[in-house]
Amino acid sequence: MNQAVYKAALQFYVDSGVEEALMDEPVNRIVDMAEKIAEQGTEKLIPENPESSNLKVETRSLSTPLLGKAEALKQAINAAQSAQTLDELREAVANFDGISLKKTASNLVFADGNSVAHIMLIGEAPGADEDRQGLPFVGVSGQLLDKILKCIDIDRKDSDPAKSIYISNMINWRPPGNRNPNATEIELSLPFIERHIQLAQPKLLIFCGGIAAKSLLNTTDSISKLRKKWHNYIPQNLSHNSQSPIPALATYHPAYLLRTPLQKKAVWADMLTLQSKCREMNL
Ligand code: URA
């Protein structure tokens, strides 16, 4: 094979989201299967009742949940609701098998920053750097986010609740190849991020990007329509009898700013809106 063919094959892998080698040697599944067929014939490999066989598991798409969706959502709500502390919630997210992204991610990405900060920021989903380190917003988008927050004197590492921020994501596992999370993954993640907000008890919320803003505000409006005004956030899946709505501001995602730097001025305006709300609330 000439070099161009290898290059095209590599490009195909990169385009498909295959970016990390897990083993030194590739597994030749075609030879494995051919050997099994030679040994056993095809009847044993394709059982009469595929429903009761492992074949169902092998052929399931990685983007579909491992449980039925309604059952998975029920389990997600129960697991989230049962968590009484942030540590218990982290454990509940780690143990929940209904989101198949868990199978392909390297690490759970739960939160970073100061959990008692007045402001909680929620992004979309971890990327490759976040997946490696198990922390949200630590790649290039995160570096830009830190710079933006520094302009209004906020630092995720500060111990003062008024000068720090608590950071998490809609989705706690990296979608392969940084694809957008699908509707099922978002729906099954919602109870966990809603409980995360309930347990952290921030005074203000920032939703970074369309996916977080639309999912948490339960709307199909675009991020450009949702920006510039305060929304009243209330959870959709969890009981919230004693919880008053939390003021929430939507803003553009830093990854979008990296592609569209002209929009930095819009985010600067959003940061000033946030700053004046903090003053108004004496935070
Ligand atoms: N983008 C996000 O939305 N979250 C991260 O943690 C990293 C990149």
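This is a predicted model: local features need pLDDT of at least 70, side-chain atom pairs count only at pLDDT 80 or more; totals for chains, interfaces and linings use all residues.
View A. Residues are numbered from 1 along each chain as its sequence is written, and side-chain values use heavy atoms, with hydrogens and water left out. A residue is called buried when its relative accessible area is under 20%, exposed when that area is over 50%, and partly exposed in between, with a 1.4 Å probe and protein chains only. Helices (H or I, at least four residues) and strands (E, at least two) are DSSP runs, numbered from the N terminus. The buried residues of H14 are Ala266, Val267, Asp270, Met271, Leu274, Lys277 and Cys278. Seen down the helix axis, these buried residues fall within an arc of 145°, so they line one face of H14; the arc is that of the directions from the helix axis to the C-beta atoms. H14 covers residues 264-280, and its 17 residues, at 1.5 Å a residue, should span 24 Å, which agrees with the 24 Å between its end C-alpha atoms. The expected span is 1.5 Å times one less than the number of residues in the helix.

**View B. Arg227 and Asp270 meet through their side chains in a salt bridge, with 2.9 Å from N to O.** This pair links distant parts of the chain, for Arg227 is in the loop between helix H12 (223-226) and E5, while Asp270 is in helix H14, 43 residues apart. Both partners, Arg227 and Asp270, are buried. A salt bridge is a side-chain nitrogen of Lys or Arg within 4 Å of a carboxyl oxygen of Asp or Glu, and by this rule the count comes to 11 salt bridges. Side chains of opposite charge can pair when their charged atoms come close.

View C. Because Lys277 and Glu280 are three residues apart in H14, they are separated by about one helical turn. Lys277 is buried, with a relative accessible area of 14%, whereas Glu280 counts as exposed at 60% relative accessibility. Elsewhere, salt bridges that share partners join Asp112, Asp146 and Arg156 into one network.

**View D. Lys69 and Glu187 are joined by a salt bridge between their side chains, at 3.0 Å from N to O.** The two residues belong to distant parts of the chain, with Lys69 in helix H5 (residues 69-82) and Glu187 in helix H10, 118 residues apart. Lys69 counts as partly exposed at 38% relative accessibility, and Glu187 counts as partly exposed at 30%. Helix H10 (residues 183-200) also holds Ile186, which is buried with a relative accessible area of 15%. Although Ile186 and Glu124 are 62 residues apart along the chain, their C-alpha atoms are separated by 9.6 Å.

**View E. Six strands make an open sheet in the order E1-E3-E2-E4-E6-E5, with mixed pairing.** Strands E1 (112-113) and E5 (230-233) stand at the edges, each with a single partner strand, so one side of each is left without a neighbour in the sheet. Two strands pair if DSSP finds at least two bridges between them. Strand E2 (residues 119-123) is joined to strand E3 (residues 165-169) by five bridges, and these strands run parallel; the partner of Gly123 in E3 is Asn169. Four bridges join E2 to strand E4 (residues 204-208), again running parallel, and across this pairing Leu121 has Ile206 as its bridge partner, while Ile122 stands opposite Phe207.

**View F. Strand E2 is mostly covered, with five of its five residues buried.** Ile119, Leu121 and Gly123 point one way from E2, whereas Met120 and Ile122 point the other way.

**View G. Leu10, Phe12 and Tyr13 make a nonpolar surface patch of about 360 Å².** Patches are made of residues with over 30% relative accessible area and no salt bridge, where like charges are joined within 9 Å and nonpolar side chains (Val, Leu, Ile, Met, Phe, Trp, Tyr) within 5 Å. Accessible areas come from the Shrake-Rupley method with a 1.4 Å probe, and for residues only the protein chains shown count as cover. Phe12 is found in helix H1 (residues 3-15) and is exposed, with a relative accessible area of 54%.
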